[in-house]
Amino acid sequence: MTKDEANVRINELRDLLERYNREYHELDQPSVPDSEYDARLRELIELEEAHPDLLTPDSPSQRVGGEPLDAFQKVQHAIPMLSLGNAFNEDELRDFDRRVREGTDEDIQYVCELKIDGLAVSLRYENGQFIRGATRGDGTTGEDITKNLKTIKSIPLRISEDETIEVRGEAFMPHRSFLALNEVREQDGVEVFANPRNAAAGSLRQLDPKIAANRNLDIFLYGAGEWEAGEFDTHSERLQYMKQLGLKTNPEWRSCKDIDEVIQYVNEWTEKRSELNYEIDGIVIKVDSLDAQEELGFTAKSPRFATAYKFPAEEKITKLIRIELNV
Ligand code: NAD
């Protein structure tokens, strides 16, 4: 491909991906499956890598999420809420491991977590009291959805210590709630939600909190934003402390001593994912040591100390469950 041809294709891909991003992140109504979006994004990244002078900071390959909606108060994230790099197979996981080990002299251990397919949110507690919750938005500015988040029963309004902390996680709609909701919508002749992720995002980005309250949403918390509480050496210690505070963490995380153990975890969950009562779209792999995380740092869009393994596209799990539940 000549440079001129690459330039034309890059511009086409940017327009297309911007449209997909708007539909997905701002309107909660994607028109293509994630696998199609991921393939086009990868094509763009490869062309930009082959022609670095054509890379611009406003390219979708360099940006997180979508614009926050004007209907909501804006929340500035003191620490940005970023995206994650992706790995689609074992070779790419091994490449990630190699880059990590080249980037630090520390002995590396990983933590593997399920990648919950919902809406990324940040919760702020001041002196132990839940005071604000926001969406990720474009990574630096999110939407204030505190009233909606307060309707999620698993979000404590008070944690067990008088800490001032910001925790990050994924609000999601369990399969059963999703199927029941779509059933009612079908009966009412209202358009059904494409998947639990869009149903969760669509429920939380509503001005009337009664809507979210009726949607049986749930949450798993997996990370930290601003954090004034005790010092920790590792991500796993902090996760355990979050649980101790009464914050809901996912029980399936595992410490892995090397990339082989990571790959084993990935393979196990590729088989077992349909047993869960919520949707996951991959596995998140994080360097456990917080010092090594700091040393590895960030790109414009994502941390270098973590990656998301994405499951291969398959027939939607919810369809299988629909059959199982006979609804
Ligand atoms: P991402 O979903 O690949 O990864 C980052 C996100 O993973 C984080 O922001 C966080 O919300 C989430 N996450 C879930 N569990 C986590 C855990 N345990 N630890 C850390 N993070 C966890 O990246 P993205 O920037 O949020 O969005 C891209 C995704 O959205 C891709 O899956 C893409 O296919 C999809 N998308 C689809 C369309 C479409 O039109 N179908 C458009 C845009 C984006």
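This is a short tour of a predicted model, stop by stop. Residues are numbered from 1 along each chain as its sequence is written. Because the model is predicted, local features need pLDDT of at least 70 and side-chain atom pairs count only at pLDDT 80 or more, while totals for chains, interfaces and linings use all residues.

**Stop 1: the ligand.** Select the ligand and the 26 residues around it; Tyr24, Pro30, Asp34, Ser83 and Ala120 come nearest. Here a residue is near if its C-beta atom, placed from the backbone, lies within 6 Å of the molecule. Elements giving two or more residues to this shell include helix H1 (3–26) and helix H2 (34–50); helices are DSSP runs (H or I) of at least four residues, and strands (E) of at least two, numbered from the N terminus. The largest share, four residues, comes from H1.

**Stop 2: the helix pair.** Now show H1 and H2, whose axes come within 10 Å and cross at roughly 145 degrees. Axes are lines fitted to C-alpha atoms over the stretch in contact, with angles from 0 to 180 degrees between N-to-C directions. Among the residues making the contact are Leu13 and Leu17 of H1 and Leu41 and Leu44 of H2; contact means C-beta atoms, placed from the backbone, within 7 Å.

**Stop 3: the sheet.** Next, colour the open sheet of four strands, ordered E5-E4-E7-E8 with antiparallel pairing; strands pair if DSSP finds at least two bridges between them. Six bridges join strand E4 (residues 119–126) to E5. Zoom in on Leu123, whose bridge partner in E5 is Gly133.

Key: Contact = placed C-beta atoms within 7 Å.
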